[in-house]
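Please open the model in a viewer and keep the selection panel at hand.

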Amino acid sequence: GTWIHKDGTVTVAVTDSAMGVIEVGWVEKRQGRLAFEAYPVQLLKSGKWVFGNVLDQANTGHYFWARVSKDGSQLTLWVPDVAKTKVLVEKAVLPGTLINDGEDVVLDELSAAHLLVVTEGVALAWEQPLVFLRLMQ
């Protein structure tokens with residue numbers, strides 16, 4: 001369906017329900033022209049939480065991710081808090097690497113124990129959710 005948020009709209013289509021893959025697309029203005037962007041998103045569940053994972057087109061093997069919560073016609077995303085995640089990596093609580101002079105964090109493969117740390121909500125930017133409302137199916 002079509003979803004609206006404070007910066008615009010996105011359209012979501014299920015592309016592989018068995019694998020939990022959706023495609024999210026939107027139109028943006030680039031160099032004075034309209035351009036369509038679309039990305040596959042893999043939805044993964046850990047306990048009661050669902051995460052959306054998008055492959056970073058610029059860095060092979062890197063993903064952007066967020067916690068996803070759907071409540072009727074409202075969809076809420078919480079992205080990682082980079083500063084909190086950075087501390088967890090520096091203390092070896094989560095496996096990963098600091099990149100871009102410590103400005104970004106790349107997490108390595110997470111074990112079940114690591115996912116528990118993430119699902120405790122320690123490393124998410126709770127104060128800045130991205131909220132979408134469904135316009136149409």
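A salt bridge is counted here when a side-chain nitrogen of Lys or Arg lies within 4 Å of a carboxyl oxygen of Asp or Glu. The model is predicted, so local features require pLDDT of at least 70 and side-chain atom pairs pLDDT 80 or more, whereas totals for chains, interfaces and linings use all residues. Residues are numbered from 1 along each chain as its sequence is written, and side-chain values use heavy atoms, with hydrogens and water left out.

**Stop 1: salt bridges**

Select E28, R30 and E37, which are linked in a network of salt bridges. Between R30 and E28 the closest N and O atoms are 3.3 Å apart. Burial is classed by relative accessible area with a 1.4 Å probe and protein chains only: buried is under 20%, exposed is over 50%, and partly exposed is in between. R30 is partly exposed at 38%, and E28 is partly exposed at 29%.

Next, select D81, K84 and E127. K84 forms a salt bridge with D81, with the closest N and O atoms 4.0 Å apart. E127 also forms a salt bridge with K84, again with a closest N and O distance of 4.0 Å. This pair links distant parts of the chain, 43 residues apart: E127 is in the loop between α2 and β10, and K84 is in helix α1. Helices (H or I, at least four residues) and strands (E, at least two) are DSSP runs numbered from the N terminus. Which of these residues are buried, and which exposed? D81 is buried at 16% relative accessibility, K84 is partly exposed at 33%, and E127 is exposed at 58%. The count for the model comes to five salt bridges.

**Stop 2: the nonpolar core**

Select W49, F51, W65, W78, L88, V89, L94, V117, V118, A123 and L124, the 11 residues of the largest nonpolar core. Such a core is a set of buried Ala, Val, Leu, Ile, Met, Phe, Trp, Tyr and Cys residues joined through side-chain atoms within 4.5 Å. The elements that give two or more residues to this core are β5 (49–55), α1 (82–90) and α2 (112–119). Another core, of eight residues, lies apart from it and includes W3, V10, V41 and V68.

**Stop 3**

Select residues 63–71 and 74–78, which are strands β6 and β7; they run antiparallel and are joined by five bridges. Two strands pair if DSSP finds at least two bridges between them. The two form a hairpin with two residues between them, and G72 in the turn has a positive phi of about 65 degrees. K70 stands opposite L75 in β7, and L75 in turn stands opposite F132 in β10. Four bridges join β7 to β10, and these strands also run antiparallel.

**Stop 4: positive phi values**

Most residues other than glycine have a negative phi. Select A92, in the loop between α1 and β8 (96–99); its phi is near 65 degrees. A92 is exposed, with a relative accessible area of 64%. Then select N100, in the loop between β8 and β9 (104–107), where phi is about 55 degrees. N100 is partly exposed at 49%.
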